[in-house]
Amino acid sequence: MAVKVLIKRKVKEGKLNEASKLLTKARYNAMGQQGYISSETLSGCDDPNNVVVVSMWQRIENWNQWKNGDLRAENETAVEALLDGPTEYETYNLGLQL
């Protein structure tokens with residue numbers, strides 16, 4: 001079953017351009033991973049430093065493999081240096097589980 005992942009970040013003031021480059025790199029790397037479907041990046045209307053990436057994967061296992069993999073870890077360390085606080089993750093199944 002397909003899943004969507006919400007990745008929420010608060011980027012430090014003045015670091016949005018640098019963060020954007022790293023998030024684009026992460027998306028490019030994710031595109032080659034098993035189970036990746038799509039992703040989009042959103043910025044807050046009231047605060048553009050509030051950034052949410054919505055990522056879609058074929059299965060939760062595909063997402064977990066990517067999230068915990070070495071390729072993502074290096075880039076994620078660079079992203080974390082640009083943040084005010086920790087990255088938050090939320091995962092959702094598509095549709096209701098009745």
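In strand E4, Thr 91 is the bridge partner of Val 5; strands (E, at least two residues) and helices (H or I, at least four) are DSSP runs numbered from the N terminus. The model is predicted, so local features need pLDDT of at least 70 and side-chain atom pairs count only at pLDDT 80 or more, while totals for chains, interfaces and linings use all residues. Residues are numbered from 1 along each chain as its sequence is written, and side-chain values use heavy atoms, with hydrogens and water left out.

E1 and E4 run antiparallel and are joined by six bridges; two strands are taken to pair if DSSP finds at least two bridges between them. Strand E1 (residues 3-10) also pairs with E3, again in the antiparallel sense, over eight bridges. Within this pairing, Lys 4 has Met 56 of E3 as its bridge partner. Strand E2 (residues 36-43) pairs with E3 over seven bridges in the antiparallel sense, and Thr 41 stands opposite Val 53 in E3. Six residues lie between E2 and E3, which form a hairpin.

Together, four strands form an open sheet with antiparallel pairing, in the order E2-E3-E1-E4. E2 and E4 (88-93) stand at the edges with a single partner strand each, so one side of each is left without a neighbour in the sheet. From one strand to the next the twist averages 15°, where axes are lines fitted to C-alpha atoms, for helices over the stretch in contact, and angles run from 0 to 180 degrees between N-to-C directions. Strand E3 (residues 50-57) is largely enclosed by the rest of the structure, because six of its eight residues are buried; buried means under 20% relative accessible area, exposed over 50%, and partly exposed in between, with a 1.4 Å probe and protein chains only.

Helix H1 (residues 16-30) lies across E1, E2 and E3 and runs at about 170° to E2. Helix H3 (residues 70-80) lies across E1 and E4, at about 35° to E1.

The buried residues of H3 include Arg 72, Asn 75, Glu 76 and Val 79. Seen down the axis of H3, its buried residues fall within an arc of 105°, so they line one face of the helix; the arc is that of the directions from the helix axis to the C-beta atoms. These buried residues pack against E1, H1, helix H2 (60-67) and E4, with contact meaning heavy atoms within 4.5 Å. Asp 70, Glu 74 and Thr 77, on the other side of H3, are exposed.
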